[in-house]
Amino acid sequence: PDVLAAALLAVSLHSAAASLRGPAAEAGSEEPAASEGRCGRGGALAGTEPCFITRSCGTSTGYTESASAGCGPGWYCLDGSQVTRNTRFADCDIRPACNRGACWNAGKFMWTCCGN
């Protein structure tokens with residue numbers, strides 16, 4: 001199996017165990033934003049976390065700390081699609097303190113922390 005599929009599977013499995021930032025994570029946890037990885041920061045706005053969610057993502061998303069994920073630590077679409085530095089990423093405004101998961105914000109036309 002490819003590395004990204006394995007990483008995304010690990011992300012989805014870890015979300016149930018609350019090691020993934022999102023609704024299952026402990027409230028109030030502050031984690032620093034990751035530095036630039038193999039794909040830069042993806043579609044992340046300045047001051048936000050790396051975001052490698054594809055423009056075609058229509059499913060749930062998750063965050064991984066795994067350096068072996070397609071583009072390194074950051075937010076990904078959980079649809080199993082592979083990403084590279086040539087992928088067209090969606091714009092994202094997901095702050096480091098986000099622990100509720102990423103949701104599509106149609107008003108801003110970008111991914112944001114759920115509830116923002």
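Select Asp93 to begin: at 16% relative accessibility this residue counts as buried, where buried means under 20% relative accessible area, exposed over 50% and partly exposed in between, with a 1.4 Å probe and protein chains only. The model is a predicted one, in which local features need pLDDT of at least 70 and side-chain atom pairs count only at pLDDT 80 or more, while totals for chains, interfaces and linings use all residues. Residues are numbered from 1 along each chain as its sequence is written, and side-chain values use heavy atoms, with hydrogens and water left out.

The structure holds one salt bridge. Arg95 is partly exposed, with a relative accessible area of 40%.

Next, show the open sheet of three strands, whose order is 4-6-5 with mixed pairing. Its edge strands, each pairing on one side only, are strand 4 (92-93) and strand 5 (102-105). Strands here are DSSP runs of E with at least two residues, numbered from the N terminus, and two of them pair if DSSP finds at least two bridges between them. Strand 5 pairs with strand 6 (residues 110-113) in the antiparallel sense over four bridges, and the two form a hairpin with four residues between them, where Phe109 in the turn has a positive phi of about 55 degrees. Across this pairing, Trp104 stands opposite Trp111, and Cys103 stands opposite Thr112.

Now move to the aromatic rings. A search of the whole structure finds five aromatic pairs, counted when the ring centres of Phe, Tyr or Trp (its six-membered ring) lie within 6.5 Å, with planes under 30 degrees apart called stacked, over 60 edge-to-face and the rest tilted. Select Phe52 and Tyr76, whose ring centres are 5.4 Å apart with planes at 40 degrees, so the pair is tilted. Phe52 lies in strand 1 and Tyr76 in strand 3 (residues 74-77), so the pair ties together parts that are 24 residues apart in sequence. Phe89 is in the loop between strand 3 and strand 4, 37 residues from Phe52. Ring pairs link Phe52, Tyr76 and Phe89 into a cluster.

Methods
Salt bridge = Lys/Arg side-chain N within 4 Å of Asp/Glu carboxyl O.
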